[in-house]
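Dear colleague,

Please find below the structure that I am handing over to you. My findings follow it.

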Amino acid sequence: MSSKSVIPATVNPDLQKERDAASFSSEEFAAWWAGGADKLNFKRSVKEYMYKDIDRAEYAQLYYKSHEDMCEFAVKSSINVAKKLRQLQAERNPGGNEYWPTLFEEPEMWGLHLAGNPFGVMYVMVVKALKAQCTPEQYEEFGKRLERFEVTAAYAQTELGHGTYLRGLETRADFDRETDEFVLNTPTISSYKWWPGGLGHSSNYSLVMAQLYIDGQLKGPHLFYVQVREEDTFEPRPGVHIGEIGKKMGFLGVNNGFLGMKNVRIPRSRMMMRHAQVQRDGSYVKSPVDALAYFAMVSTRCIIARNAALLLAIGATIATRYSAVRRQSPIDPKLPEPQIIDHVTQQLKVFPEIATSLAHRLASNYLSDLFNVTTKDIDQGKYERLPELHALSCALKVISSTDSTEGIERLRLACGGHGYLASANLANLYASATAACTYEGENTVLLLQIGRFLMKSWRAAQSGAPLAPTASYLADVQRNPEFGTWTGSWENMVKAMQFAAANKTRIAFNSLAKRLANGESEEVASNHTGIEIAQAAELHSRAFVLYSFLSEITGPKSKARSSALNRVLEQLLELYLVNITLKNMSNILRVVHLTDADLCQLQARLETALSKLRPEAVSIVDGFDFCDEQLNSTLGSFDGNAYERIFDAALKAPMNQKSVPKSFHEHLGPFMKSNI
C-alpha cells in the first residue's frame, strides 16, 4: 500500500480564519504563559534543536509495538534525549545545567518521551530527595554519581499492600551493631515494593522507604540507598528479587517494577542522615520534624500540579483546533453546516477547560514559590511553613489531577468518535492525568490530610492564634460570620467560595467535636466525619485556586501586559469564576443569599463569557505554544488538517500494509468453506 502522505502543505482555511480574527497577539500570550519573552525564546530554541531530526515515522508506529518493544523503545528514546541535551549543554554553556539534566523530564521533552521516561523519576524525585536528605558527605559519595547518570535509581516507597499510608509500610531495615550495617527485608508478599517507575529493568540502585528497627524497637519510616543490580552486568544483587509489574493503562514504557529483599545488607552510611541519624553504637537521633522524611513527595506534588495543568492545556489545544475545523449540524437550516465551535454546547465543553488550565497553572506557580521559600527556611532550621506547604501541595495536587482527568474526558467527548482514536492522543492524555489522582498520595487520603490541617486551623482561629496565609480567611469568617450583600463581582465570588469552605469546615469541626464528646476516639471520630472533612478540603482547595487566579490577572502584574491581552485573560477569569460558582452553588447557597434573578444573571454571564471567547479561543491555545510533537495528535496539529492526518495515520497502520490478513487464510477462510 502507498506510503505517500495525503496531508496538505497548507493550513486549513477555517483554522487560519480563526487566527486572523483574534483581537490580541498570541505571541504576547505565549510570552506571558512562558514567564517572559526570554523564557519563551529559550524553550523554542530547545524544542527546535531537540525535535529537528527525530524519526517521526517510528514515533507514529509506537502504539502498535508489543509491551516489551515499547519498554525497549522508551529506554532508547530517553537515552537519546539525554545524549542530545548533554550535547546541547556542551555547545551552548559547558559546565552549566540549564539544559542537562534540568530539561530531561520537562514538558518541552514530552514529545520525545511518548512511551514514557523510565529515568524520569530518577531526576524528578531521587536526585532531589538525595540532595534534601543526604549529608554533604553522603551526597559526595553516591549522590553525585547518580546526578551524573553514572548509575540509575528508582524511588521505592509504595508496596503491594500499602500506598499512601506510610506508617503501614512493611519493608524493614534492622540495624546490626556487630557489622555496622542495616539488614533489609520484605517479609511478606504485601511488603514487596510495587509501582516505582524505572525499577523493573532500568535501575541498579533504589532509594527505599523502610521501617527502621534498632534492637527490635520501631523508629518509623526512613530512606535507605540500596544497590539492587550489579553495575557491570546489571544482574540482580544477592537477596534481591526484582522485575516489572506488567502493562498498565498508560505510562506504557516507564518500566514500573517490584522489589523484594531477603537479608540485603547495606552500610550504615546508606541511610539518609541529614535530619535523622543512627550512630555507630546504635543510638538514634530523631529528625527535628518528622515530615522532613517525606519532603521529596511535597516537591513532586508541586510538579504534579503543574503538569496536570499542562496536560489539560494540551487536551484543550487539540479539542479547540478540531472544533474549529469540524463542520456539522446546521444551526440555521438555510445555511451550510457550521464549525462545531459555533455550537454553544460545544463551547461549554471546551472553553472552561482552557480557563481551568490557566487557573491551575497560576496556582502551581504560587505553590512553587512557597516551596522554594520553605526550602530556604529548612536550610536555616526554620520549619514553620511546612504544615501550610504540605496542605497546599496536597490541595493543588488533588484539584489539578481531578480537574485535568475530568476535563480531558470532556474534551475527548467534544471530539466525537475521532476523539476515541489512539492517534488523537486524548486517551493517552487521560491515562496520564488519571494516574496522577493516585500516585504520590491517593486523592481522597490527601483530602483527609488537608482536612486535618483545616480542623487545626479552625481550632486555632477560635483561640485567636495566627493562621497560615492560605487559611487566614477562616479567621475572617469567624470574626464576621455574615457574608453581606451578593454583588456578583469577581471579589464577591471568591469571597463566596471562601465562606462556603469555612462553613463546611465549621460543620465538619462540629461533627467531629460531637463524636469526640460522645466518647469516640479521635481516629474513629475522624473516620466517621471523613465525608464532611473531605468536602471541606475540596472547597478550601477551590477557594485558593479562585483567589490565586484573581490575584494574578487583576494584580500589579497586569500593568506589564497590553490591554488586549488583559481583556482576554479577564474573559477567561470571568468564565472560570462564574462556571465554578455555578457548579458549587449548593454549598454557596448555604452561606449566601441569592435570588432566582441572581442565578439567572450568572447563567447569562456564563453564556456571554463563552460568546466573547469564541473568536479568541484558537489564538489562546496557540499561545500555549505546544509544538505538534508535544501534542502528538492527528486532531490538533497546527495546520488543522485533521481529516487528512487521521486518514494518513490509518494508511500507515501495520495491518493496512497487506491486502489480506494472515487470519483469513488460517481461520476465517477455512471456517466459511467448512459450512458450504
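How much area is buried between domain 1 and domain 3, and what share of it do carbon and sulfur atoms give? In this predicted model, the area buried between the two domains is about 480 Å², and carbon and sulfur atoms contribute 56% of that figure. On the side of domain 1, the residues that lose the most area to domain 3 are Y63, P107 and W110; together they make up 77% of what that side buries.

For orientation, the domain assignment of the protein chain gives domain 1 as residues 35-117, domain 2 as 151-288 and domain 3 as 295-621. The centres of domain 1 and domain 3, taken over C-alpha atoms, are separated by 31 Å. Four residues from domain 1 and seven residues from domain 3 take part in their contact.

R306 forms a salt bridge with E106, with 2.9 Å between the closest N and O atoms. By class, the side of domain 1 that touches domain 3 comprises three nonpolar residues, one charged residue and no polar ones.

Turning to aromatic residues, the structure holds 26 aromatic pairs. One of them joins F182 and F224: the ring centres are 5.0 Å apart and the planes stand at 70°, so the pair is edge-to-face. Because F182 belongs to strand β3 (residues 181-185) and F224 to strand β6 (residues 217-227), this pair ties together parts that are 42 residues apart in sequence.

Yours sincerely

Conventions. Residues are numbered from 1 along each chain as its sequence is written. This is a predicted model: local features need pLDDT of at least 70, side-chain atom pairs count only at pLDDT 80 or more; totals for chains, interfaces and linings use all residues. Side-chain values use heavy atoms; hydrogens and water are left out. Domain bounds come from an automatic or database domain assignment. Contact means heavy atoms within 4.5 Å. Buried area is the accessible area (1.4 Å probe) that two parts lose on being put together, summed over both. A salt bridge is a side-chain nitrogen of Lys or Arg within 4 Å of a carboxyl oxygen of Asp or Glu. Ala, Val, Leu, Ile, Met, Phe, Trp, Tyr, Cys and Pro count as nonpolar, Asp, Glu, Lys and Arg as charged, and the others, Gly among them, as polar. Rings of Phe, Tyr and Trp (its six-membered ring) pair if their centres lie within 6.5 Å; planes under 30 degrees apart count as stacked, over 60 as edge-to-face and the rest as tilted. Helices (H or I, at least four residues) and strands (E, at least two) are DSSP runs, numbered from the N terminus.
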